[in-house]
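Open the model in your viewer and keep the selection tool at hand.

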Amino acid sequence: MKYIVETRGLSKSYGNKQVVNNVNLKVPKGCVYGFMGPNGAGKSTTLKMLLGLVKAGGGTALIDGREMNQKNRLEILKETGSLIESPSYYGHLTGRENLEIVRTLKNAPEKEVEQVLKLVRMERQQDKKTKEYSLGMKQRLGLAAALIGKPQLLLLDEPTNGLDPSGIQEIRELICELPKRTGMTVLVSSHLLSEMDQMADYVGIINHGQLIFQDKLEALHEHSKSKLLLRVMNRTAALKILENSGTEGRVTEEGILIPSLSDDQAANLVSALAAGGAGLYRVEERQKSLEDIFLSLTGRRASL
């Protein structure tokens, strides 16, 4: 597999505080890679090291096979787009005029401004002054600026921060479209795990500066073993039947949770519950949410 981003032992300290500790990222080409973790986990510092904005304290970062250092930095940045923290604009200029400045600095063809405006669906707002833009429109403009030059890699740090639900949905859909439409790789950081569940192909989870999980999104979900929820009218009778059958049951507000069973085992248990007067009226399969999995990996409640 070809990786467009690969780090080896990447580390960074500020004073006595280890912010990023021996991180080994592997980001495949042409995917959306969700870089997840709580606020303060080291996500932004890692992205800044990938861009050369912060000097690594140890280890190396490879972008498309080239090490990020003073010699290669400008060459790498020509092929990389980024939206880190709040984008800055000339408020007295229109959206299009701001993009023209970026295009000139990147020495990109004139037609690209039109292309990125269309890509982020800003054609109708391009002639408004940016000081009149909503937060969502400013994020779109920042994304458009990052896309000028047709980068192979796009780094986005919390791109939906501060947006309303409709703005979050729009940015999410756009990020999902980019690899399919342009072939670029998108590395997006977020503490909103439910958001990554709807965007990412691969995920990496960082906590206290350490990478604690990295794989396909499906593999993260496989970390969770599904359970069965039994809804009964007589919990005492149900628990006695479960005990006799050697099945562990845990009482919750909704009912009784038991480990997942094979079809034959489930059928036998349902028959026993019905015959034993438990008053079984529903069996539901319960899968751990991404937030639950995150909690089990990190020991911390995920942001919602």
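**Stop 1: the whole chain.** Keep in mind that this is a predicted model. Show the chain as a cartoon and colour it by secondary structure: there are 11 helices and 15 strands. The radius of gyration is 24 Å, well over the 19 Å that the globule rule gives for 304 residues, so the chain is more spread out than a compact globule. Turn the view to follow the principal axes, along which the C-alpha trace spans about 80 × 45 × 35 Å.

**Stop 2: surface and contacts.** Of the 304 residues, 46% count as buried. Next, consider contacts between residues at least 6 apart in sequence: 67% of these join residues at least 24 apart.

**Stop 3: helix 3 and helix 4.** Select residues 95-106, which form helix 3, and residues 111-119, which form helix 4. At what angle do the two helices pack? The angle is about 125°, and the axes lie 10 Å apart. Angles of 65 to 115 degrees count as roughly perpendicular and those over 145 as roughly antiparallel; helix 3 and helix 4 are therefore oblique to each other. The crossing of helix 3 with helix 4 is right-handed.

**Stop 4: the contact between them.** Show side chains for Arg96, Leu99, Glu100 and Arg103 on helix 3, then for Val113, Glu114, Val116 and Leu117 on helix 4; these residues make the contact. Colour them by class: 4 are nonpolar and 4 are charged, with no polar residues.

How values were computed:
Residues numbered from 1 in each chain as written. Predicted model: local features only at pLDDT ≥ 70, side-chain atom pairs only at ≥ 80, totals over all residues. Heavy atoms only, no water. Axes fitted to C-alpha atoms, helices over the stretch in contact; angles between N-to-C directions. Helix = DSSP H or I, 4+ residues; strand = E, 2+ residues; numbered from the N terminus. Parallel < 35°, antiparallel > 145°, perpendicular 65-115°, else oblique. Left-handed = near helix turned anticlockwise from the far one by under 90°. Contact = heavy atoms within 4.5 Å. Nonpolar A, V, L, I, M, F, W, Y, C, P; charged D, E, K, R; others polar. Rg over C-alpha atoms; globule rule 2.2 N^0.38 Å. Buried < 20%, exposed > 50% of the residue type's maximum accessible area, 1.4 Å probe, protein only.
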